Amino acid sequence: MSNDGFNPNTGDIYHPSPETVAAAHIKDYEAVYQKAVDDPLAFWAERAETLSWYQKWDKVLDDSDAPFYKWFVGGKTNIVLNALDRHQTTGRRNKLAIIWEGEDGEKRTLSYWRLSQEVCKFANVLRSMGVQKGDTVTIYMGRTPEVVIAMLACAKIGAVHSVIYGGFSEQAIADRIDDAKSRVLVCSDGAWLRGKIVPLKENVDKALERSPMVEHVIVVRRTGHEINMEQGRDYWYHDLMSLPVASNKARTEVMDAEDPLFILYTSGTTGKPKGILHTHGGYQVYTSTTLEWVFDIKDEDRYWCAADPGWITGHSYIVYAPLILGATSIIYEGAPTYPYPNRWWKIVEEYGVTILYTAPTAIRGLMRFGDAWPNRHDLSTLRLLGSVGEPINPEAWKWYHRVIGKERCPIMDTWWQTETGGFMITPLPSVALKPGSATRPFPGIVVDVVDEEGNTCAPNEDGKLVIKTPWPGMLRTVYGDPERYKAQYWSAYKEQGWYLAGDSARRDEDGYIWVIGRIDDVIKVSGYRLGTAEIESALVSYKDVAEAAVIGVPDELRGNVIHAYCILVSGATPDDALIKALKEHVRHEVGPIAVPTSIEFVDKLPKTRSGKIMRRVLKAQAQGLPVGDLSTLED
Ligand code: WTA
């Protein structure tokens, strides 16, 4: 839900309890923040020292070719060395890494030892298929342990994974495969969601008709329904894993700190999705530090990040950081309300979850069913809660705090992005909270709210969120398009050398940041990041549509929903049947999450003289707000 239109600063402040502060890794935020500001390189070097390296770095930061920053230059490592290998010689090898529950009730656990064995086996499978260091592998699966195994196996052999969220379909998959140039794709036959099968393999088959680059498809059996297996192209995962080549010992590739770890596609202002590139060295330091300090991970914790591994939240905080810290994670496959709205609370009770990290949209969705569902369960193990993906409205924050956290658990409202790798603006457990504010920057992060010229905005004045200094978890480039990396993130405040986040925000008198929402053509639907361009191009690929524009319209539950305007080709009939057909078409092309809630047929769209659609005008009109400055409008 957008914070737009109201001042969420209600004056409420929630102070941490003395017990919370006493237990926290960082008890004095101000002191640590100051230390990091005074000497950022020493600060990050000290953090990097907590991890294992094959060879130590020569230089913490090389900024000679900014904005192409390099971290821990000369260092040799592999994120798998830290996420798995180093645990195998300690008591951690016996600890549960993953506790998994399928939506259908199936259960599995993997110790650190077992997970490492599976990863070795799959690493050998990939190697036997000719996957080498630097090659990209596309992964398209539901939430099962195999997605984690596949990601780690790639990292282990130095391959670059590109995970596509299971909610995307044909064209979206094809575009991402083509851009990443993957020869190998790992998927599952399907996934369970709300009691139904998501036909993942079918989507892959259709995508591959458009994207013939893929030579091998490895299919994990999850749902067991009938699927097409193309001879010579498709292989069952379990068959490959039982071959002699899939031995449970595999060498971890020695990587340069700056070698690529993964690409994750995300929506930008215009055009095709961008492949955000992260690397082994800086990313491992940044994600593990932020998770350790913000969620205060301890050995006895049972930590549950309820996101999807196919988004950055899953990459950083289901897969990599928890494993680096040796944590025990819960992964649940399906919908929070299946078969009943108490599914999540049952999981918390059954597994004794201590930390729950989710999105405002999920909280609002569960809040709708009332307090009785959570109240039927023992949630007393919870000690910390988290939120991510969009601004959390104070009402949802307070419900989460009162009904789920029993007024005992602080809420870590973490602001960050695919591009930032990890949390950027976030409380630590020892920081006082204000519902709806992500509070203050993480130690080592310098943020500001500025106007067009780069002047710091006055307290409570809207401005653009910028990050003023580099950090180890930052994206390194847009895959295959360094110019786009510069243009998108570093051109707005080029002289100053600041990173433009793409969000608007305010800072209050206490220095607390209130993120308002995107300032570009990115729409957040249920916390999922979607680009207008991808949805519009799906709409115009339909024979009856000449032109299309989509906007996000604020929605109580989902934050935003998509509203589409279409200009039809002459002769097409603007009726309900066409609306239905268009929705179906977008579902097939981009995915269910991208389907417009409403479609309106129009004769004209507001455009600038250079032909750019003025979505700002459409948005204002749709909400009945003043349309603002129209001087650049063509007509
Ligand atoms: C939004 C998700 C307010 C923001 C990790 C950002 C948030 C975009 C918050 C990145 C939050 C994320 N409060 N807004 N706590 N967290 N956002 O790349 O607009 O999927 O720019 O990364 O989500 O979305 P992405």
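The legends below describe several close-up views of a predicted model.

**View 1. Confidence along the chain and at its start.** Across this predicted model the mean pLDDT of the chain is 95, and 97% of its residues reach 70 or more. Over residues 1-8, by contrast, pLDDT stays under 50, although the model has 23 contacts beyond four places in sequence for this stretch. Where pLDDT is low, the predicted coordinates should not be read in detail.

**View 2. The aromatic pair of Y283 and Y320.** Y283 counts as buried because its relative accessible area, 1%, falls under the 20% cut-off. Y320 is likewise buried, with a relative accessible area of 0%.

**View 3. A cluster of aromatic rings.** Ring pairs join F68, Y69, W471, Y485, Y489, W490 and Y499 into a cluster, in which phenylalanine, tyrosine and tryptophan rings are each represented.

**View 4. The charged end of R108 and the ring of W100.** In this view the charged end of R108 sits over the ring of W100, at 5.9 Å from the centre of that ring.

**View 5. R221 over the face of W236.** Here R221 lies over the face of W236, and the distance to the ring centre is 4.4 Å.

Definitions and conventions:
Residues numbered from 1 in each chain as written. Predicted model: local features only at pLDDT ≥ 70, side-chain atom pairs only at ≥ 80, totals over all residues. Heavy atoms only, no water. pLDDT = per-residue confidence, 0-100. Contact = heavy atoms within 4.5 Å. Buried < 20%, exposed > 50% of the residue type's maximum accessible area, 1.4 Å probe, protein only. Phe/Tyr/Trp six-rings, centres within 6.5 Å; stacked < 30°, edge-to-face > 60°. Lys NZ or Arg CZ within 6 Å of the ring centre and 35° of its normal.
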